[in-house]
Structures are given as structure tokens and as C-alpha cells.
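Thanks, everyone. Please look at the sequence and the structure while I talk.

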Amino acid sequence: MSKTERTENCRRRIHFSPSWVSKRMAFLRVRLCTRHITTGLQACGYATLSKASRPQDKSSTGPVFQYVGQHKKPNYKVFVWGFSFTGALGIPSFVVPDSGRKKPRKYQLTPYRLETAEQISSAACGYGFTLIASPTKDVIKLWGMGLNKDSQLGFQRTQHSRHQSYDYVLEPSPVALPLVEPLQTKVVQVACGRAHSLILTDQEGVFSMGNNAYGQCGRRIVEDEVYSGSHIIHKMEGFSSRVTQVACGQDHSLFLTETGKVFACGWGADGQTGLGHHRVSSSPVEVGGDLAGVEVQQISTYGDCSLAVSTDGQLYGWGNSEYLQLASVTEATQINSPRHLPLKGCGKVVQAACGGTQVAILNEKGEVFVWGYGILGKGPKLSESSIPEVIPSTLFGRSEFNPSVAVTKIRSRRALRLGEECARLFGHREERRPVLPVEGDCAWSSGGRSVWRRPHGGAGEVPAVSFCVPAAVDERLDVLAEPPADPRAPREADWWLRWSLEASCSPQAASTLRPVVTSSQVHSGWFCRKRSLKQLTLPCMWVIWERHQRMDFVFLQLELKRSID
Amino acid sequence: MATPAIRMFRRLEGLFCVYKPSGVHWKLVRDSVETNLLKGLNATSSQPLPQEVRFLAHPVSETEAPKGLTLSASSVPVLSKHPLVTGPEFQHIRVGVGHRLDAFSSGVLVLAVGNGNKALNDLYRTRVTRDYTLEGEFGTATDDFSHTGRVVERSTYGHITQDKLDKVLAMLQGANQKALLMYSNVDMHSQEAYEMAVQGLLGPEGKSQPILTGLRCIRFQPPNFTLEVQCLNETQKYLCKVVHEIGLELRSTAACKGVRRTRDGPFTLQDALTHHHWTASDVIRAIRQYHSKRNAKYTHTQIKDTALQPPEESTT
């Protein structure tokens, strides 16, 4: 019942309910009389305080209503919002509408309540999927929803056949963990990357599931492994002590043990594993560099940049620095070994959070510093900074009325910032540029990045396809091209993806155009991925244009061939 | 020629604040302050009556019976200038009221004298917030949301704890913050909006619905609780309604026991004159204090502007 309805109902109940209207009316009559007398007395007074006409209350006869039960439990709420085509929000009617007229809901822009069976203490979002965990000791303590093509949500048995697993899970469905003592262990934290997920329990260590093409799940990389419909949930080994925190990057994983050591495994082409090389690592290895001998209290990673905060308030970073995240120590675009980041004027760092292209830290005074590229939170004009910039605390609610407001936690992934006093949520939503797909491609965005996927049709070569993208200055293009599933094709084949970029812009600006492609400083090339029939990914290909140029379109030509001619 | 009274009259120009007790209409307060000021002004005009020379006829006694008129000069006071004839010198003085307080509430009431009424207009055209202290009591709901109204419903309040109250207050603050952003006439995606937000200048210009810019609970002893509120464009009835709605949100009922304004713009409780000090001399002192504070702030901001060159954030 809404507030106004209840007030109206209160009044109406007095007048119209038959059961005790007689009692009430008599009472009212008596009270009205007394009121008249007192107002008469007051008419001549100047400053008589009107406490005399204070009504009865304590000794009155009348029902006392009780709206809250004796054993009311506090209700914990989970809210979801974002991109919902993959079912990652856990509400089936967004993807498969109840009535035939409605279309599937693409974005849920405002928080929407998700009903959960238990109180949820930990949640994590990956690329098109979500995991939520509860601190209960029941058998079912972990639920997953969204994309499950790499079994990142475990094996979700279909209704019709117990050998098949759902590719898209539209509702929070329990994930079965192979625990030795399922009724004693609690799930402490969950973390999700692009296509893999990590679950941290209090007694039984870390479990990983999902894609292991780069060793991000911490087990041996198997050639041509089929991840869809896989039952494998791997219990990770190789840690020197108990793991207290896990963090997932896009294709790598970081672990923090209780002695303050950091372990890493997975894709390392940008040095994000921090192991000193750019190869993949298929089992967790301790990270050295400047972190040797340092006790770390928090780790954070999102895309390809990783950060660690030590107990004495120092910040260490490694990985991708293309967006100037680590520009305080290096001009190179990648660091493969942790380096201490000397930050001037930031004080003692308490927490760090990585976005895709930005970094934010929280110091012990409750101030938030941001730097990097993209939407930084300091107005529309500031979109790039290589030195830490403080966000004014008036934006978090500090004012003359509330001079002691301070931020207590920052988190990345969906970039929530929790302020202490007012509990307001800021959502970082990068503006989604409209994508113009060609030839019926299925396009979806997750994590602020757009992924184009060319569906496989027919056998043989895939003809060249050209994507025409409105010039998105801060978009990172991850191109996933699936070779056609041709039964006659040999199992091992070299697939070559040829890509080239062209920009179309106004003639005046053409002369000063300076496109930058980072992974190789050329505008076109061949990229080869052997033996992986599932996906052909073009990593780290993105375009930064001069910000002040007005671009019309970027043409990205893709051609997929079995061999170079 | 300026008599001390006229000089005092001319000095009576400016703003000051009084403490309005509850149970009194604001107009009575204004009238009594005006009366006291006039009394004070009229009391100081103790000019001696001017004398004039008049030729008065002597009274004729019976012994001497000359038929001639004998006049003698004597200096007599000019009766036409006697205060009992002319009436008091000052009969009207303009006293204006700032933001009004209804009879149930108490607290700071800003008044302006003479030419200060123009300052009153200017002061309230700029965005000025007011601080209130609201006393509430759980357990009853009344028809006019205050404890003097007719009881409509009584309910239990034993389940209410401090953190539940804080949750409801946070929810109210969020709704008010959203209203603040909605009523500020700026495009939220622009740099201008960011700069205004950093300085805390976002908000409605002129009339809008009541907005609470700050809300917190300073005392909680069930069934009584005290809230401190900072608001814009409000009425005291609205604040009583806020207390009532807090009760409803907590699945109980609440009524407001007292509304007390503790600050109105730059005027605080410390500067407010109580009932015994509504005399002309105290008012003059209060006005002088207001002028000196305003001048000090003006010179302070001038110094700040010239000395400070805030560095812009670097964009590489």
C-alpha cells in the first residue's frame, strides 16, 4: 500500500468502518466540545502556548495497529541493470517476453529487482554472464545466469536431455560445485572474466570453470578442447597458502593469498600476468618483480591491466598501459613485471579499482583519484589523464551540512561507487554507439566493448565482409570471427584473418588525421591463429583517433581465408 | 536639523532576526517589534519645547479698575509643538518579514527595517537554504501531522531501530537529490553542470517544490526522535508531513511535536533576539552586527578573489 493510500485509508476507516464507528463518534463528539472551549479561552490571549489542547493519547481507548510481524527478517535485495540480450540479468521476460507483442528488452537502464532464494553476499559480472553467491551452508550456494557457451556457469542440464547443457541461462540457476564437504563450506567471493569464472570458498580453495584456451582456469591447456557442455570444474592447486581474494581479468586470473603473495595465470600478451614474459601460463605462478617481499592487501584487474595495493599503502601495477594507466613509471605500452607506481599527492592508498581504460584509487582520507582514458568522472571535458586527478568530494555528498562524508569502497567491473552517507550509486555507462552491422551479423556489447560476430554459414571460405562503424573514439574492437564448421575441412587448419582499416572523414580533416593502431603500427595485416577452430580473435586491435577530429565512419575490412594467396 | 531621534531613525535600516515563540502568529511578532521600535524612537525625542515671546495680558484685579490693557512680554512654550498636541513624532516605520513561520513553529524569523526591505528582496532572490530541527514521536498519526491534531491512527513502534530509520532517511535523501537535479535548469551532460555540481550550486532558481538538501537524525530514543533538516522552498506544514511519511515508511506512524528553524540564510539562533530584547536599542545593535558581518564577508571574498588563482586540472 502506498503512503498516500494508507493515510487516506486511515481517515476512511475512522469514518466508514461499521464495527467501532459508534465508539469513535461518541469519542469525537466529546473531543470536539473540549476543543471549542479551549479555543474560546485562547481568543484573547497573546502568546499562550497551545499545549492545552493536546489530545488524550496515552489513555485513549482505540485500537493500536501493528503492521510488522514479530519475526520479520530483514530483506536483502539484489538489483540488476545493463545489457540483457544474453540473459545476464536473470529475468527471463527480458529475453523471451511473456506476450507475443513485446520485443526482447535490450537495455535495462534503471535498477530492477531480482528475486533470489537466499541472501546474496557476492556477485560478479562477466562478458554476458553473471554469478551470484550466498554465504549459506546449504548445498546450493551459487547461481549463474547468462551466456554459457564456454561452460562458464558450469554444466546446466537441459530439460530434455541430461547430456546437453544450455548455451544461454535466462534465470539464476544453481551451479553444482564439487565440494568435499558441501554443508560446511561457504562461498566467499566470485569473480568473472570474459569466458571464465573463479569461485573462492573459505575451506576448500579456489574453483575455476569456463574457457581455458589461455590457461586462465589454471589447468593444462588441451588442444581443441570443446568448452561448451563441459563438466570440468577445476580445483586450483599450486598456492603456497590459503587464497583470500581472486580477481579475473579478461583472459587472465589473479589470486591473493593470506601471506600477501600474488599468483597469476592465463593470457600474458600484454604482460598482465606479471610473470616477466608474454606467454600464456596454464598454472598459477607467483608474481615477482617489485612485489617480491611485499605484503599485498588487495588486487584488482578488469581488462588487461592489473593493480595491487600493499598493506603500507603503496600501489603496484603491471600489464597493459596503452591508456596511460601505468604512465607514471613507463612510456611503454605494456609492462610484464610489477612495478611500484609512485603517486604524488595521493596519500596512503587503501583500495584500487581497474576499469577497462581507467584506474581509480581510494586513499585513507576517503578521496578518490582517477586517471586513464574514457569517462573519468570529472566532467565531459576531461577524458584522458596520465596523472591521478582527485574527484571533488562535493560530488559524493560533502557539503556544509555533511562535512564528514567520505568514500569507503570503490569497485570496478560495473564501476559502482558507494558513498558512506547517502549510499548513492553512480553507474559508469559509456555511451553505446550505434553499430551498423552488415549482412545480418549478431552484435552485442558487454563491458563497454562491442563484439561483432560473423555467423558461420556454409562450407568453405567466408567472403570478405566489411563493417562500417561510426567513428567511436573510445571503443575497443574485439573481432571474433568463427570459421565455418565444415565437416570436410581438416581438423588442423590455418585460418588467416586479414584486416584493414580505412577512415572516412570530412576532406578538411583528412590531412591531419592520425589513426593509431596499437598492436602493430600498421593499417592492415594478416593475423593467423592456428588450430583453434572455435574462434579467431584479433586481440588488442583498437583505434584511437585524434580527439578533435570529426570522423564519419571507420571501415574495417575483414577477410577470412584458409590460406594466404 | 537632525535631532538625535531623527538620526536614530535614519540609522534604523537593515536586517535582523528575532526568535519567534511557538503558538504566536508571525504578524503579532512583527507588530510588537514595530510598536517597540516606535516607542523607543519616540522616547528619545526629548527635545525641550521651543519658547516664544508672547505678549500676555495681565489678569485684571478688582482693586484697580483702569480700562487700559497692560501687556507684558513673557516667554512661553509653544503649545502647538507639544507632544500631547502633535502626537508622537514617529508613527510609522516599515518593518518587513522574511520567510514566514506558521503559528505552530518557532525559531529564527528575519525582519527588515526601513530601506533594509530592499536588501530583504535581494537576499531572498538568491538561493538561500534554511535549517530546521524537527521533533517527532512514533505511535500516532494525526490529521494535521502535528501532535495537536486529531488522532487518526495509533500503531506499534517497537520494531523501529536506528538503522531502519537511517535507511528511510537515505531513501528520502536520494529522492530529494533527484528532485534537485531535475529542477536545476542545466543539461546534466554538460561541463557547466559538472562545475556547478562541484561547487554545490545545483538547484532550482525561484519557485519549486520543497526540496530537502540535507537530512539526518540527531537523536533517537523511541518513541521520540529528532531530525535536522536543511531545505529549500519549504513550508512548515510540509516538514510535518515529512515526519508523518517517515512514520509510514517505517510501517508505523509518526507525528511532529515541534518545528524549530535554527538558521535562515546567514542568520542563526545566536543572532536571534528573544522576547525581552525586542527593544529599539537591542535592534539597533543587531542591525549594526549584521552590517559589520556583511562588510567583513565582502572584504574577505574580495581578498580571496584577487589572491587566489586556482590551477585548472591538466589535460594532456
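The crossing of helix 1 and helix 2 of chain B is right-handed. Keep in mind that this is a predicted model. In chain B, helix 1 covers residues 4-11 and helix 2 covers residues 26-44. Their axes come within 8 Å. They cross at roughly 150°. Angles over 145 degrees count as roughly antiparallel, so helix 1 and helix 2 of chain B are roughly antiparallel to each other.

Which residues of helix 1 of chain B meet helix 2 of chain B? From helix 1 of chain B come B:Ala5, B:Met8 and B:Phe9. Facing them in helix 2 of chain B are B:Gly40, B:Leu41 and B:Thr44. Within this contact of helix 1 with helix 2 of chain B, four residues are nonpolar and two are polar. None is charged.

Stay on helix 2 of chain B. B:Glu34 lies there. Is B:Glu34 buried or exposed? Its relative accessible area is 10%, and buried means under 20%, so B:Glu34 is buried. Setting aside neighbours within four places in sequence, B:Glu34 is in contact with B:His92, B:Ile93 and B:Val95.

Now the cores. In soluble globular proteins, nonpolar side chains tend to be buried together. The largest nonpolar core here has 27 residues. Which residues have the most contacts inside it? They are B:Phe138, B:Leu165, B:Leu227, B:Val229, B:Leu239 and B:Ile246.

Several elements of chain B each supply at least two residues of this core. The helices are helix 5 (162-183) and helix 7 (236-249) of chain B. The strands are strand 6 (130-138), strand 9 (211-221), strand 10 (224-232) and strand 11 (254-264) of chain B. Helix 7 of chain B gives the largest share of this core, five residues.

Take B:Leu165 as one case. Not counting residues up to four places away in sequence, B:Leu165 touches B:Phe138, B:Cys217, B:Phe220, B:Ile246 and B:Leu250.

One more site in chain B. B:Thr140 lies in strand 7 of chain B, residues 140-142. B:Thr140 is buried, at 11% relative accessible area. Which residues does B:Thr140 contact, leaving aside its neighbours within four places in sequence? They are B:Val151, B:Glu153, B:Arg154, B:Thr253, B:Ala254 and B:Ala255.

Next, backbone geometry. Most residues other than glycine have a negative phi, and most peptide bonds are trans. Here are some exceptions.

Where is the cis bond? The peptide bond from B:Pro222 to B:Pro223 is cis, with omega near 5°. B:Pro223 sits in the loop between strand 9 and strand 10 of chain B.

B:Asn233 is not a glycine, yet its phi is positive, about 55°. B:Asn233 is in the loop between strand 10 and helix 7 of chain B. With a relative accessible area of 28%, B:Asn233 is partly exposed.

Over to chain A. A:Ser151 is not a glycine either, and has a positive phi of about 55°. A:Ser151 belongs to the loop between strand 6 (142-147) and strand 7 (168-174) of chain A. Here the relative accessible area is 2%, and A:Ser151 is buried.

A:His231 is another loop residue, placed between strand 10 (206-210) and strand 11 (234-235) of chain A. A:His231 is exposed, with a relative accessible area of 56%. How far apart are A:His231 and A:Ser165? In sequence, they are 66 residues apart. In space, they are 9.3 Å apart, C-alpha to C-alpha.

Last, the chain totals. Chain B has 316 residues, and buried residues make up 46% of them. There are eight helices and 12 strands in chain B. Take the contacts in chain B with a separation of 6 or more: 72% join residues 24 or more positions apart.

Chain A has 565 residues, of which 47% count as buried. Its secondary structure comes to four helices and 35 strands. For contacts in chain A with a separation of 6 or more, residues 24 or more positions apart account for 57%.

Conventions
Residues numbered from 1 in each chain as written. Chains lettered and ligands numbered in written order. Predicted model: local features only at pLDDT ≥ 70, side-chain atom pairs only at ≥ 80, totals over all residues. Heavy atoms only, no water. Axes fitted to C-alpha atoms, helices over the stretch in contact; angles between N-to-C directions. Parallel < 35°, antiparallel > 145°, perpendicular 65-115°, else oblique. Left-handed = near helix turned anticlockwise from the far one by under 90°. Contact = heavy atoms within 4.5 Å. Nonpolar A, V, L, I, M, F, W, Y, C, P; charged D, E, K, R; others polar. Core = buried A, V, L, I, M, F, W, Y, C linked by side-chain atoms within 4.5 Å. Buried < 20%, exposed > 50% of the residue type's maximum accessible area, 1.4 Å probe, protein only.
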